[in-house]
Amino acid sequence: MDYLFGSVPVFKVHDRPIFNVAPFERLSAMNIVSAMGLGFLLALLIFIDQNIVVSLTNAPENRLLKGTAYHWDLMLSGLINILMSVLGLPWMHAAFPHSTLHVRQLAFVEQRVEGGHLYET
């Protein structure tokens with residue numbers, strides 16, 4: 001192997017902890033207030049994003065007949081976000097296209113072909 005790669009440095013493993021918790025006692029009041037402000041803005045962003053997607057999806061012109069899976073999905077999403085907040089982990093990603101397509105997949109959709117055209121109701 002030395003012929004192919006020459007002298008490759010050896011990876012060394014240390015016995016010290018890989019993840020260190022930040023010392024919270026050294027945080028100033030301004031650090032705490034700014035973290036709370038950023039957290040509030042992020043929660044507001046996800047709340048507004050979710051409400052816009054639900055409003056667009058539940059529009060009467062879509063004529064979607066949602067089953068119980070739609071409501072279970074919203075409840076599960078809320079519980080996952082609560083659990084992630086308690087554990088200090090990042091929340092679920094809120095994206096417009098993914099959310100509307102996901103709700104569409106949960107809906108009851110009937111497809112029919114008339115005159116060579118595909119219609120969905």
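## Basis of the model

Residues are numbered from 1 along each chain as its sequence is written, and side-chain values use heavy atoms, without hydrogens and water. Because the model is predicted, local features need pLDDT of at least 70 and side-chain atom pairs count only at pLDDT 80 or more, while totals for chains, interfaces and linings use all residues.

## Overall fold

The protein chain contains four helices and four strands (DSSP runs, numbered from the N terminus: H or I of at least four residues for helices, E of at least two for strands). Their order from the N terminus is α-α-β-α-α-β-β-β.

Of the 121 residues, 10% count as buried (buried is under 20% relative accessible area, exposed over 50%, partly exposed in between, with a 1.4 Å probe and protein chains only).

F40 is found in helix α2, residues 29-57, and is exposed, with a relative accessible area of 55%. The UniProt annotation "transmembrane region", from an unreviewed entry, covers residues 29-48 and 69-92; such annotations may be inferred rather than shown by experiment, and positions follow the numbering used here, with feature names shortened. Residues 29-48 are 100% helix and 0% strand, with end C-alpha atoms 29 Å apart.

## The salt bridge

The whole structure has one salt bridge (a side-chain nitrogen of Lys or Arg within 4 Å of a carboxyl oxygen of Asp or Glu). E114 forms a salt bridge with R112, and the closest N and O atoms are 2.7 Å apart. E114 is partly exposed at 41% relative accessible area, and R112 is partly exposed at 32%.
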